[in-house]
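Work through these exercises with the model open beside you. Try each task before you read its solution.

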Amino acid sequence: MKAVADLITEARVAKRAALDELAGKQLLAGFGVSVPRSIVIQDAGAAAAACGSLKPPLALKVMSPDILHKSDAGGVRVGLNGAAEVEEAVRGMMKRPAIENARVDGFLVEEMAPAGVELVVGGIRDPQFGPLVMVGLGGVFVEVMGDVAFRICPITRLDAGEMLDELKGAALLRGARGRKPVSREAVVDVLLKVGGEGGLLMTHGDAIAEADINPLIVSEHGAVAVDARFVLAK
Amino acid sequence: MGDVIERFRPLFEPKTVAVVGASTKGGTLPNVFIRRIREFGFRGAIYPIHPSAESIDGLKAYRSLGETPEPVDYAYIAIAAAQVPPLLTEARGRVRFAQVISSGFGEVDEGRALQDALATAARAGGMRLIGPNCLGIHTPRGHVTFTEIGPEETGPVGIVSQSGGLGTDIIRRGLTRGLMFSGLVTVGNCADIGPNDLLEFYLADPQTRVIGLYIETAADGRRLFEILRAARAAKPVVILKGGRTRQGRAAAVSHTGSLAGDDRAWVALTKQTGCVMTTTLDEFLDALLAFQALAPRPQQPTRRVVLFGNGGGASVLATDQFARLGLDVEPFEKQTVDELTRLKLPPGTSITNPVDAPVGTLQQEDGRVAEKILELIYGSGRPDALVVHLNLSAFVGRTKAEVLDNLVQAALRVQARYPGQAHFVLVLRSDGEPALEERKRAFRARAVALGVPVYDEIANAGAALAALAFHERFVYARS
């Protein structure tokens, strides 16, 4: 794995506005946040050789600096059972107009995270206070209801816990509607690795204009950053 | 921390004051300032600075800040904006603090460059700068004030206000409520000294126990966060933040040239440092009064509140409001109810919590029955806070005048018998009728002298207790 600081430097040298998904996840992994096991393939033909080491079901995502919203472009497939399905899915993707005409760096093949509650963990840079870390419940909770909590970095373990308690949908984490409670400790750990002392935002906050881990899927066993996007500061 | 006190001593306890902008004919703001500090007991040297006059208000005048007999601890400057930078440059290192009252600097587009020139001139002149675009400083220990006279004794409340006019309101309305100030500095556009510097002073200042900040912008929010985080809520800090909405931010730009910033960061700041955020001037003053009068009890954060007074509907509304603020007005346990029952209070008296005692009950034994009820509440109910509310209007034409006196005295007597056992708060409700207001003023003065905070409405008391509870919970969770 590349040194974490090099990921940002490389993206800058390549004049990219953001880290690609693989680099973003490597950055997170460098700070101890769990990300899915993955490999990158260049074309459909490479699938068979590459997928053997991964445990299905698998997710496939196109990697392109030209495509901001992978799902909208038809660049995401999930629940693929093995190499043959991955190979076919890559061929299908290559025919999508939005992908056919884009610069494609490759395809990310990932193990899928166990089902759980979807959270969003983010970071922004405030001109007066510096890096802020954010947590919210995923999907409609963040987008429509704005159910999020912010703190100024660095946060303490107590701050991280209070952020979760502050969410209106906090009951979902405790196992509402007959579900098992998810690991609160795992979420707190991710918040500390992103926004705590010596965490990602305290270390690289000057270089990162916006961080968005969406979703962070949390089950009773732990939390996995399933998608991550880091917009670089100008 | 000791040196921050020393650094600011010439500002809070100046021995020499220069006044720039006073006229030989009198009537200007600087003339008024000279009169005010004399009335406030300032006994040091006052040096009017004037280009030609021999004397002003009976004081010998000098040509420049660099020509006074003694160096100047504090200079009060209110002249046309463009004239200020050359004036400061001429100080030649002989001025410690200069407060520039004049406006026409960074709060208007055409004044931005002039504000930079002002800051440069202050550095060249070797002084620290307060303002521009502010009103002055109120420092009882230094006998200097920009307002009409207030009590000369130094209190526990230290204030920084980015607005001058609001600073005046804070002093005048605060004094009416019984607030006592350790200092109040209006900082305006903050070309040099800002809220962070004065916050550090107040945190270190042994006279200051409570700090209030009216802020529109934190030019260095990171430093504000770090100062407050390091302080670990050792002294309660109450913030009144201007510019929390899109429209308010636009207003702040034209007021003090402030970029008010992301409100989410301010909310986060309060949660991480235990500062209390308030949204109106009244809430701000009410919270400061609670912190001045009531010692926080972080070992047992305020939660259980007993309401006692006259007014059934008012009690129900107050119970709702307290609940929304996270304060519980829960019914008493059986033993307390039994003990209250044995008092055989007249029908119409509600002896659970809230305790609603109509005038007919309260006038028994000329008002002394309240003492028995309060004794029981303290001894048996054991609340974290006790709010006694009296609707003065309801007594008019129904009882002898001394009934109200007796009630207020009874309440004050009982709370003195249980020191530190529960936060005790008095609410005196009135309808604005002049004679009633006059009695209320007298009651308030008596209560405040005994360290009991008095509020106009139960809702104000609720918000102030919630502020206290927020501080207590923060300290409790982090100790």
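**Exercise 1. Describe how helices α7 and α9 of chain B pack.**

Step 1: find the geometry. Helix α7 (residues 221-231) of chain B and helix α9 (residues 263-273) of chain B pack at an angle of about 15 degrees, and their axes are 9 Å apart. Helices here are DSSP runs (H or I, at least four residues) and strands are runs of E (at least two), numbered from the N terminus. Axes are lines fitted to C-alpha atoms, for helices over the stretch in contact, and angles run from 0 to 180 degrees between N-to-C directions.

Step 2: classify the angle. α7(B) is therefore roughly parallel to α9(B). The classes are roughly parallel (under 35 degrees), roughly antiparallel (over 145), roughly perpendicular (65 to 115) and oblique (the rest).

Step 3: The crossing of α7(B) past α9(B) is right-handed. Right-handed means that the near helix is turned clockwise from the far one by less than a right angle; left-handed means anticlockwise.

Step 4: list the partners. From α7(B) come G221(B), F225(B), L228(B) and R229(B); they meet A265(B), L269(B), Q272(B) and T273(B) of α9(B). Contact means C-beta atoms, placed from the backbone, within 7 Å.

Step 5: sort them. This contact has four nonpolar, three polar and one charged residue. Ala, Val, Leu, Ile, Met, Phe, Trp, Tyr, Cys and Pro count as nonpolar, Asp, Glu, Lys and Arg as charged, and the others, Gly among them, as polar.

The model is predicted: local features need pLDDT of at least 70, side-chain atom pairs count only at pLDDT 80 or more, and totals for chains, interfaces and linings use all residues. Residues are numbered from 1 along each chain as its sequence is written, while chains are lettered from A and ligands numbered from 1 in the order in which they are written.

**Exercise 2. Characterise the contact between chains A and B.**

Step 1: chain A gives 11 residues and chain B gives 14 residues.

Step 2: on the chain A side, β7 (130-137), β8 (148-152) and α7 (157-166) of chain A each give two or more residues.

Step 3: that side holds five nonpolar, two polar and four charged residues.

Methods:
Contact = placed C-beta atoms within 7 Å.
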